[in-house]
Amino acid sequence: MENLGYLAIFLAFLVSLYAIVAAVAGKLTRNAFLEVSGERAVLGAWLLTTTAAGLLLYAILTDDFRLSYVASYSTIAQPLLYKFAAWWGGQEGSLLFWSWILATYGVAASYTARKRHPEMRSYVNAVMMTVLAFFMGIVCFAANPFKVLMAGPQITSVADGQGLNELLQHPVMAIHPPMLYLGYVGFSVPFAFAIASLISKQPGDRWINTTRMWTMVTWLFQSCGVMLGMLWAYEVLGWGGYWAWDPVENASLLPWITGTAFLHSVMMQEKKGMMKVWNIVLISATFFLCIFGTMLTRSGLVSSVHAFAQSNIGDYFVWFLTLAVAGTIYLILSRLDYLKSESQLDSVLSRESSFLFNNVLLLASCFAVLWGTLFPVITEALTGEKITVGKPFFDTVNVPIALFLLLLTGVGPLFAWRKTSLASLKKNFLWPSVLSLALGAVLLAFGMRHLYAWMCFVLCAFVTITIVIEFYRGSKVIQSKMQLSFAGAAVELTHRNTRRYGGYLVHMAIVLMFIGFAGSAFNERGQREMQVGDTLQVGDYQFHMRDLAEDTNVRFTSAVAKFDVLRDGELLGELTPEQRLYHTSQQPTGIPSVRRRLTEDVYIVFAGYSRETRNPIIQVYVNPLLSWIWIGGWVLILGTLVALIPSKVKRINPRTRIVGSVPKEKKVAV
Amino acid sequence: MRFKTLAAVALAVTVALGGILVAEEVKTSDQMSLRVWKVGEDLKCLCPANCAYTVASCNMLHCSFREEVNPQIQDGLEEGLAPTRIVEVLRAKYGAVLRTMPQAEGFGLVGWAMPFFALGIGLAIVPFVVRRLRKSQPDEPQEIAVDAAAVKRYTDQIDKDLDDLV
């Protein structure tokens, strides 16, 4: 089976190479046979990659411990879900998983290109297959998941495997990597279309619509991936937080930020034919950051708790990135004549300008994260000094930028396309500003003394009011015209322009998340050694340790502490933090217990035993408003899905230009 | 006028509230464990798991580094040393790698300045881009003759579209 698996990988590599040659040669020589052959090779590459993936999964599910990969990441007792997750639990399997998703996307992109953009289809196929050939080359020659265990010249086997890291054995972790990979890999599709449009010198923007849809879907996957990563960190890692600015976490955030910038700036191209070069740069940067992120997790370039084992495949990534960036720059520079702006900016006070500022802030934030991630490497290379850049740096640099972005989230949609009059500004800004500042005064009166948190709440109120007013005004008009209920009118309004109102929902999601982020300014924490009968006070809460029970099963030995949670003497419920010691790895793992409420989470960790007294060490975190982050995540998914639904009213974006004017005094009577 | 007055009041209120907030002292807890934890926030954990956390937030049970450093922090606090002094002492002992952010001197300054420099450059470029995009516009639109019937046709079309829209 290992031979068959490797053969499938090797053939997939060769077929993807053939697809590139056939697609490009077919296009250049106008040989339709070759072009179609290249297209079928894309399907062939997918079939071969699927075969390899299927064989690896079969080996994992049947406990074939002759394979080194299976022996490293699976055990006989591992639950089925985590056996499945073992596919992407290690370096080799995850690269094959990456390649399989890429091959699947390749087939979908090839189909889309054939249907909608036949003039670009060969180039789209060539780009997708170039990326696939690179990854299959790595799987084939540097990270083969079908390697067998050898004892001298003989293939050998072990009785049981080492199993997936216990921290990764969590339902969220079974979904998080696929979501993230669907995001990472998905950005290669809009990139392929962008490059194909450059090569084929596409004058129109039809492909932009296709790209935008792909980007939105991919962005949604990436968002879900990042959110699930946060949720996993919160539920499993037991430090009371959800984001530690670890390099690998940052790697997932970087393409999300540039993808967000692209989703905004692409509207300028759709509506006004502007920012064509910029959009190509943004989507290319997003793709390169995806590759860069993949490199970060595998090369050992930076230290990370999430990184896979260090290997030499980072060198291949560096070469691939260098060549791809150089090729893209050359293409952009050589096609500048085809990327000229079709219209002008009419006013600084316009939606177009707000998009420019939005892009600058998003890219500044992206740069800050990238810079902070790489600064230890740069410092060590230039000064020889080993330093670390952690949460305090990222918070200091990113919080002001994030608040500015939050402001723009509210302000931007209030500007009209082309030009915003002063009267319109007054009308749109007055009440949101007044009401949000009034809220600020109330917060201050109630004792809020944290500057950034205060600003965040005021801005959240501002953005919320602007969004509510937008929905309210539109819904009222429809309600009066169509005699609908207000809720029905709001649905009708959204259906008429799903993109706009779906976008507002996503903005609302961001507001909800920021409320959750701001809550961290008021976190409280306590820690002490405890015995049964002891009580720990943190904030308004009392935690009374009622019981400590031990248990053992085939996978682990556990100790569960039972706590009564009280506030002002009133019993609120029970929390049961647990500590497990897995038999296979002998790694102690704390399983936090969380009481979630909209106002605050109470989070208890069984942190271990005191070395001197052998008493349990208990850590308690009170995290205000944290649940709003997850609620924001759900609203973000809803908003993006709404934006993906086709609008009831079909819109076209005719390019308008001023050809002349009629003086005011010569009013035309109609 | 009403708008200007309200805007001025709003600005004044914002500045006043911001001033109060900045001037407010941060409340500190007396609990020793919390004080130790807060000092640990400024120290990078050097545990064998190669984690990206601070001494305070490292999730590793029995983290060897945390168990080594926390008693030293507690001793320092009990001796009456300021948290910043304790951090300095520990950094002198374990090296600069204990830092959680670049120093505000030497090459570390580049680390701090670069993101803000990039932001500044970006914000400075926006007006330039706006001006460039506006420059290509014709100086003054030409006065043109407008056929009243055509205007009526377009006005009707706009009304119809607006009716369809809402």
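1. Two residues are taken to be in contact if their C-beta atoms, placed from the backbone, lie within 7 Å. By this criterion, and leaving aside neighbours within four places in sequence, A:A192 is in contact with A:A109, A:V124, A:V127 and A:M128.

2. The model is predicted: local features need pLDDT of at least 70, side-chain atom pairs count only at pLDDT 80 or more, and totals for chains, interfaces and linings use all residues. Residues are numbered from 1 along each chain as its sequence is written, while chains are lettered from A and ligands numbered from 1 in the order in which they are written.

3. The domain assignment of chain A, with bounds from an automatic or database assignment, gives domain 1 (1-163), domain 2 (170-342 + 350-366) and domain 3 (522-624). The centres of domain 1 and domain 3 of chain A, taken over C-alpha atoms, are separated by 44 Å.

4. A nonpolar core is here a set of buried Ala, Val, Leu, Ile, Met, Phe, Trp, Tyr and Cys residues joined through C-beta atoms within 7 Å. A residue is buried if 20 or more other C-beta atoms lie within 10 Å of its own, exposed if 12 or fewer, and partly exposed in between, with C-beta atoms placed from the backbone. The largest nonpolar core has 206 residues, of which A:A45, A:V124, A:L132, A:F135, A:A192 and A:F514 touch the most other members. Helix 9 (residues 206-237) of chain A provides the largest share of this core, 16 residues. A second, separate core of 17 residues includes A:F543, A:M545, A:A561 and A:F563.

5. Helices (H or I, at least four residues) and strands (E, at least two) are DSSP runs, numbered from the N terminus. Helix 11 (residues 276-299) of chain A has 24 residues and reaches 34 Å from its first C-alpha to its last, close to the 34 Å expected at 1.5 Å a residue; the expected span is 1.5 Å times one less than the number of residues. Helix 11 of chain A is largely enclosed by the rest of the structure, because 21 of its 24 residues are buried.

6. Strands are said to pair if DSSP finds at least two bridges between them. An open sheet of four strands in chain A has the order 3-12-11-10, with antiparallel pairing. Its edge strands, each pairing on one side only, are strand 3 (524-529) and strand 10 (593-595) of chain A. Strand 10 of chain A is joined to the antiparallel strand 11 (residues 600-609) of chain A by three bridges, and A:S593 stands opposite A:I604 in strand 11.

7. Strand 6 (residues 556-567) of chain A is joined to strand 5 (residues 541-552) of chain A by 11 bridges, the two running antiparallel. A hairpin through three residues connects strand 5 to strand 6 of chain A, and A:D551 has A:S558 as its bridge partner in strand 6. Strand 6 also pairs in the antiparallel sense with strand 8 (residues 578-582) of chain A over five bridges, where A:V560 stands opposite A:E578.

8. Five bridges join strand 6 of chain A to the antiparallel strand 7 (residues 570-575) of chain A. These two strands form a hairpin with two residues between them, and A:D568 in the turn has a positive phi of about 50 degrees. The bridge partner of A:R567 in strand 7 of chain A is A:E570.

9. Chain B has six helices and zero strands. Buried residues make up 24% of its 166 residues. Among the contacts in chain B with a separation of 6 or more, 38% are between residues 24 or more positions apart.
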